[in-house]
Amino acid sequence: MVRIVKYAKPYVGMILFAIALLFAQVNLDLLLPDYMSNIVDTGIQHGGVESSAPIAYSQEQMFYTSLFWDNETESMVFGYYTLLDNSSENYDEYVNDYPLLENQSVYVLNNLRRKDKTDLYQNMTKAILASFAINQIILNPEMAIERGFDIGFNITSWDNITTLPLSVRSMIAEGIYDSFSALGESWIDQITVTAIRAEYISVGMDMDKLQRNYILRVGAFMLLFTLLSVVCTIFVGYFASQVAARMARDVRYDVFEKVEGFSSTEFDKYSTASLITRSTNDVTQLQMVIFFLIRLVAFAPLMGIGGIIRALGKAQSMWWIIALAVLILIGLVMITFAVGYPKFKSMQILIDRLNLVAREHLSGIMVIRAFNRQKFEEKRFDKANLDLTKVTLFTNRIIVILMPMMMLIMNGLTIGIIWVGGHEIADATMQVGDLMAFLTYAMQIVMSFLMISVMFIILPRASVSATRIREVLNTEPIINDPIKPKTFSKPPQGLIEFRNVSFRYPKGEEDALHSISFTAKPGETTALIGATGSGKSTLVNLIPRFYDISSGEILIDGIDIRDITQDDLRKQIGYVPQKNTLFSGTIESNMRYANENADQELIQSVIEIAQAKQFIESSSEGFSRAISQGGSNVSGGQKQRLSIARALIRQSPILIFDDSFSALDFKTDAALRRALKKYIGDCTVLIVTQRVSTVMYAEQIIVLEEGKIVGKGTHNELLKTCETYREIAFSQLKEDALS
Ligand code: ADP
Ligand code: MG
């Protein structure tokens with residue numbers, strides 16, 4: 001993963017921005033349950049009367065209440081209120097809101113900040129409670145005592161109180177407060193709100209309007225927060241997918257670039273199918289996990305922790321229910337991880353395998369049909385397919401089982417909270433709204449754990465993918481350019497010299513070439529002949545450095561080919577591989593592949609030499625005739641001729657033909673060789689073949705057998721000196737044609 005993290009660097013800004021948005025989203029989401037609990041408790045249960053300083057107070061009741069304040073509190077409270085009467089300006093407006101104004105003066109709360117209101121409320125609570133309790137006792141002593149408003153001695157009117165000294169009045173207020181607080185903190189709040197509510201009614205305020213306004217106001221805030229949260233979610237999603245897609249693009253690019261630099265040794269190590277899976281499916285896995293990481297990695301823990309803190313703020317007594325649920329959830333996630341990880345690992349390998357079989361099947365479809373092996377191939381595919389299906393099903397089952405388990409825990413949690421909370425509400429130690437908020441927080445906590453568990457499901461798979469990608473990125477190609485490359489003299493001669501060259505394939509058990517030494521001179525044709533498997537292709541593949549030799553030296557113009565950049569080296573070589581490849585495009589695009597700047601004249605001349613002119617011109621499309629992928633829509637011989645033309649168009653001093661005339665009929669072969677002879681001039685030509693007729697006129701013939709040179713010389717010399725050559729020659733030519 002570490003290596004992949006590097007790819008996040010260019011996008012740090014975007015990621016941080018997304019995280020900031022997530023932070024905002026979490027806070028908005030966590031605000032909602034609080035507001036909901038306000039709607040339930042204050043809006044519905046208390047008719048919209050907030051536990052805050054009362055907004056209106058009749059002069060009479062304010063007087064009674066003030067009996068329980070010391071001078072300091074009294075002047076503070078009166079500082080916050082304005083006394084209105086029928087002579088005040090705007091009387092007409094006020095009387096609408098506070099009809100009591102018609103007969104009595106009314107104190108109206110000034111415009112205060114929320115905090116000041118709450119502070120004021122704290123200071124007023126005891127007095128409000130006391131004056132309310134005494135009102136109740138005066139109104140209906142029996143009922144008041146039944147409801148707990150007992151101050152221990154008989155009161156029949158306010159006169160009994162006003163005559164008492166302040167110290168006694170304070171004691172009375174203290175006593176009433178204590179008897180309520182003994183019942184629980186939330187009781188005081190509820191009774192105070194009831195008292196304020198009673199006062200509002202006596203002032204004549206429109207209680208329906210008050211309630212409606214409160215609910216609408218809080219509801220509007222909830223709506224606003226939800227909208228903001230949605231906006232955050234959308235932007236986070238946008239940035240997360242941007243970052244993920246861009247990082248995936250960068251990784252894919254690097255993998256592709258790396259693979260381009262691979263020599264045949266590295267290609268032998270990874271199968272083509274595996275390289276394809278690694279740069280597609282594995283990168284996609286990574287992309288997915290980056291997306292989720294950005295969206296969840298900050299969100300889930302913030303939500304979980306924030307939820308826990310706020311839930312405990314609402315109802316501390318129920319912490320153990322949440323703790324229990326969280327413990328079970330963690331256990332569940334751990335088990336999933338332990339069971340899932342190995343399976344996810346094997347999944348990517350199985351996808352490799354499936355790709356391999358499918359690729360082989362598709363590219364070999366002709367052979368498969370010719371040998372009626374469809375059934376066999378189907379079975380092979382079926383097996384790979386089934387294996388993958390099994391693992392996929394298994395992992396899906398884990399996920400499928402996980403979900404209902406999570407739901408079970410969630411519902412269990414709900415029942416537990418409602419059960420315990422229900423009792424607390426019955427005991428009046430908790431309010432309904434708080435329970436609802438607690439429930440919502442609990443759900444948010446569980447959801448955050450769910451998200452984390454989703455992470456644990458996709459992380460293993462992605463970490464497998466990351467490892468596989470890293471493997472490719474960390475593979476250092478064996479064949480590298482020298483640090484201080486030498487350059488060829490201009491123009492290069494193309495003199496090739498093998499000195500004691502031995503070579504073994506990376507996975508080979510023995511050397512494919514043993515102590516090869518020879519010189520191929522400019523202006524001459526050097527032919528390599530030998531049975532299949534004798535090492536001819538191996539030998540010529542060493543010249544463009546497709547593989548590096550195990551010992552000895554290969555020199556071109558006296559410079560070791562390992563001292564030259566691969567680019568420079570390969571520029572000097574026109575190479576026609578044994579296994580030709582044409583690319584999808586047109587004939588012309590394939591020609592220009594070797595030399596972008598080739599002019600029409602050059603193209604014409606090389607196709608003439610390669611004997612391709614006739615078949616190109618026989619088609620009405622000529623040079624723009626389409627070539628399909630791999631050159632599958634031209635015949636083997638046509639493909640060979642186009643490949644030869646492509647090599648010639650490079651105009652390089654060295655030409656290598658690896659069995660390039662095998663698909664040509666003898667007549668074309670002869671014509672091509674004649675034309676080539678005229679064209680090559682000073683070029684060094686290496687021709688690999690099994691046909692004696694092709695090599696007869698070469699200046700030098702090298703006979704290979706089991707990776708060793710068993711003969712070197714001209715046709716006539718070899719006929720006399722080399723037994724192997726003679727055998728090959730006799731098997732191919734009539735005796736009289738040999739001399
Ligand atoms: P020729 O071209 O003369 O028919 P090659 O040069 O293709 O023969 O092969 C020479 C030997 O090297 C053969 O025995 C073959 O099995 C082996 N060989 C060829 N390619 C590889 C490879 N990529 N890895 C291992 N061994 C190889
Ligand atoms: Mg070969």
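**The ligand site and its setting**

Author: Happy to! Among the chain's contacts between residues at least 6 apart in sequence, 78% link residues at least 24 apart; contact here means heavy atoms within 4.5 Å. This is a predicted model, in which local features need pLDDT of at least 70 and side-chain atom pairs count only at pLDDT 80 or more, while totals for chains, interfaces and linings use all residues; side-chain values use heavy atoms, with hydrogens and water left out. Residues are numbered from 1 along each chain as its sequence is written, and chains are lettered from A and ligands numbered from 1 in the order in which they are written.

Let me begin with the overall layout. Along the principal axes, the C-alpha atoms fill a box of roughly 150 × 50 × 50 Å. Of the 739 residues, 47% are buried (under 20% relative accessible area, with exposed meaning over 50% and partly exposed in between; 1.4 Å probe, protein chains only). The accessible surface comes to about 37,300 Å², and carbon and sulfur atoms hold 58% of that; such areas come from the Shrake-Rupley method with a 1.4 Å probe, and for residues only the protein chains shown count as cover.

Now for the part you asked about. Around ligand 1 sit Asp268, Tyr505, Ala531, Thr532, Gly533, Ser534, Gly535, Lys536, Ser537, Thr538 and Tyr547, each with a heavy atom within 4 Å of the ligand. Helix α19, residues 536–542, gives the most to this shell, with 3 residues. Sorted by class, the shell holds 3 nonpolar, 6 polar and 2 charged residues. In that sorting, Ala, Val, Leu, Ile, Met, Phe, Trp, Tyr, Cys and Pro are nonpolar, Asp, Glu, Lys and Arg are charged, and the others, Gly among them, are polar.

An oxygen atom of ligand 1 is 2.4 Å from an N or O atom in the side chain of threonine 538. For the side chain of serine 537, an oxygen atom of the ligand is 2.7 Å from an N or O atom. A nitrogen atom of the ligand, in turn, is 3.2 Å from an N or O atom in the side chain of tyrosine 505. As for cover, the protein hides 59% of the 570 Å² of accessible area that ligand 1 has on its own.

Elsewhere in the chain, the loop between α18 (432–474) and β4 (496–503) contains threonine 475. Threonine 475 is buried, at 8% relative accessible area, and touches Lys258, Phe262, Glu266, Lys269 and Tyr270, not counting residues up to four places away in sequence. Proline 491 also lies in the loop between α18 and β4, and a cis peptide bond joins lysine 490 to proline 491, with omega about -10°. Most peptide bonds are trans, and most residues other than glycine have a negative phi.

On the subject of phi, aspartate 557 has a positive value near 50° and is found in the loop between β7 (551–556) and β8 (559–560). Glutamine 651, not a glycine either, has a positive phi of about 55°. Glutamine 651 sits in the loop between α24 (636–648) and β12 (654–658) and is exposed, with a relative accessible area of 51%.

One last stop is asparagine 580, in the loop between β9 (573–576) and β10 (585–586). Asparagine 580 is buried, at 11% relative accessible area. Leaving aside neighbours within four places in sequence, asparagine 580 is in contact with Lys639, Gln640 and Ser643. The side chains of asparagine 580 and serine 643 are joined by a polar contact of 3.1 Å, that is, a pair of N or O atoms within 3.5 Å; within protein, one must be able to donate a hydrogen and the other to accept it, and residues adjacent in sequence count only if both atoms are side-chain atoms.

Conventions: Helices (H or I, at least four residues) and strands (E, at least two) are DSSP runs, numbered from the N terminus.
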